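Please keep the structure open while reading.

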Amino acid sequence: VGRGLRRPASLAEDKPDSMLALGTAALALAPGLAPAPRVASRAAVSMDSSKPVVIGLAADSGCGKSTFMRRVTGIFGGESKFNDIGRETNTLVSEMTTVICLDDYHKWDRTGRKSNPEWPDGITALHKDCQNWDKMAEDVLNLKNGVAVEKPIYNHITGMLDPDEMVSPTPIVIFEGLHPMHDERVNQALDLTIYLDITDDVKFAWKAQRDIAERGATMEEVQKAINDRKPDFSAYVEPQKAKADIIIQVLLSDLIDDATGKFLKVKFIQKKSCTVCESPFLFDKGSKITWTPNGDKLTTSAPGVVLASYDDEWFGEAVSVIEMDGKIDVLDELIYVESAMCSTGTKYYGELTEQMVKNKQAPGSENGTGLFQTLCAFKIREAYESLRK
C-alpha cells in the first residue's frame, strides 16, 4: 500500500481529546496519586510477514539514528539482535522488525571512496553516485512483497564490502541511512517516511563535544570536518526533509543561551497529508497553544520547560507541530506531560512515559529528542496497524 493511500479507521484514545476532558484526567497526575489503569484500547499487534509495512528513516551520520531505532524496536517487545550470520552485519532483527542500514548499498569500500577510476579524486558516502540504487530498489520492493533478499554488507570496522547476507521479511522493515527517499522507486515503496533534522548549530555542538573530548580535536578541525561534508549533504541528503511525512527537528534552546547543545528545542512535525497515522497535538486539536507546565508536577532544569502545539507550513505543505524546549529531570513525572498529549498512538495511558523510563539511559531522554523519537515509534506502530486492517 503506498504512503497516504489509506486512511486509518478512527482509533480510540484513553487520553482526553480536549481541555475540558483533561480537567478530570489530570487529577491522576498530582504527586503521590496512582496513574490511571492500563486498559488496552487497540488490538494487539499481529505478526504477519507476507506484506511488510516499510519505513524510511533519513538522517546524517552521528544524528541519533541508532538510538532512535532502539526506541522503535523496543515498543514491539521481544529480543532485538543482529542478523545471525556468524560474522559482522549491520542488520538488526526481531520477531516484528528488521532494520537495514543503507550504508550497505555503498558502491565502493573505504579505500575505493578515496580514489577509483570513476572518481580519481575521491567521493563521499553522501554523494548520490556512491550508492547502488538498483540493488537498493530491488531489495526494498522484494521485502515489501514478502520475499527474502540477499543484500550487500558494508563493514564499518574494516571499511570493506563483505559478502552478501540473507534477510527475510518481518511485519515491519525499516530502511535507515543517508538516502532512503532519494531514489523515487524506493521512496514510492515506503509507507511512512521520517527525517531527523539536526540543525547546523546543534550538529556542531554535538560533534565538538565528541571529537574534542574523545579525539583531542580542535574547534577548527571540527568545523572543517563539518564543512567538508556540507556540499554533498546539502545536495543529496537534506532535500529529503521536504519529502518526509514526519520530521523531528532539533535546534538550540530559545530559553537559555547555550551553545553546547545541552539544552535543546525539539519539534515533532507531521504533514497533514499523511493519513496512515494521526497527527499528535496538545490539549485541543487545531488550537495554537503555548504551555509552561506546573513546576510542582514536573521537575526541570532551570530555566524550565515550555511546550507548544500549532499548525504551520513545511516546504509549502500543511503540517501539525508539537515542540518542547528545555530539560526534564525526573522522567517518571513525564506522565504529567503525556496527559496533555493527544493522538499519540499509545495503547494505554502512561505507555509513552513507560517507554521513556525504560530507555532513560539513552541519549536525549531528558529532552524533546527522546520524547519525540518515542512518539514517532508509536506512530510507526499506528501506521502498521492502520495499514494491516
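## Helices H2 and H10

H2 and H10 cross in a right-handed sense. This comes from a predicted model. H2 covers residues 65-74, and H10 covers residues 368-387. Their axes lie 9 Å apart, and the packing angle is about 50 degrees. H2 and H10 are therefore oblique to each other.

Which residues of H2 and H10 make the contact? On the H2 side they are Thr 67, Phe 68, Arg 71 and Val 72. H10 supplies Gly 370, Gln 373, Thr 374, Cys 376, Ala 377 and Ile 380. Sorted by class, the contact of H2 with H10 has 5 nonpolar, 4 polar and 1 charged residues.

## Helices H9 and H10

H10 also packs with H9, which spans residues 351-358. The two axes come within 10 Å and cross at roughly 125 degrees. That angle makes H9 oblique to H10. The crossing of H9 and H10 is right-handed.

From H9, the residues that meet H10 are Glu 351, Leu 352, Gln 355 and Met 356. Their partners in H10 are Gly 370, Leu 371, Thr 374, Leu 375, Phe 378 and Arg 381. By class, the contact of H9 with H10 has 5 nonpolar, 3 polar and 2 charged residues.

Gly 370 and Thr 374 of H10 take part in the contact with H2. Gly 370 and Thr 374 also meet H9.

## The cavity

How many cavities of 30 Å³ or more does the structure hold? There is 1. The space in the largest cavity is about 30 Å³.

The largest cavity is lined by Asp 60, Cys 63, Tyr 195, Leu 196, Asp 197, Ile 198, Lys 203 and Phe 233. Which strand gives the most to this lining? It is strand E8, residues 192-198, with 4 residues. By class, the lining has 5 nonpolar and 3 charged residues, and no polar ones. Among the charged residues, by class, are Asp 60, Asp 197 and Lys 203.

## Backbone details in two loops

Is the peptide bond from Ala 302 to Pro 303 cis or trans? The bond is cis, with omega near 10 degrees. Pro 303 sits in the loop that runs between strand E12 (289-291) and strand E13 (306-314).

Phe 283 is not a glycine, yet its phi is positive, at about 65 degrees. Phe 283 belongs to the loop between strand E11 (281-282) and E12.

## Summary

Strand E8 leads the lining of the largest cavity.

Terms used
Residues numbered from 1 in each chain as written. Predicted model: local features only at pLDDT ≥ 70, side-chain atom pairs only at ≥ 80, totals over all residues. Heavy atoms only, no water. Axes fitted to C-alpha atoms, helices over the stretch in contact; angles between N-to-C directions. Parallel < 35°, antiparallel > 145°, perpendicular 65-115°, else oblique. Left-handed = near helix turned anticlockwise from the far one by under 90°. Contact = heavy atoms within 4.5 Å. 1 Å grid on protein atoms, 1.4 Å probe; cavity = no way out; pocket = protein on both sides within 12 Å on 5 of 7 lines; lining within 4 Å. Points joined across faces, edges and corners; volume = space filled by probe spheres on them.
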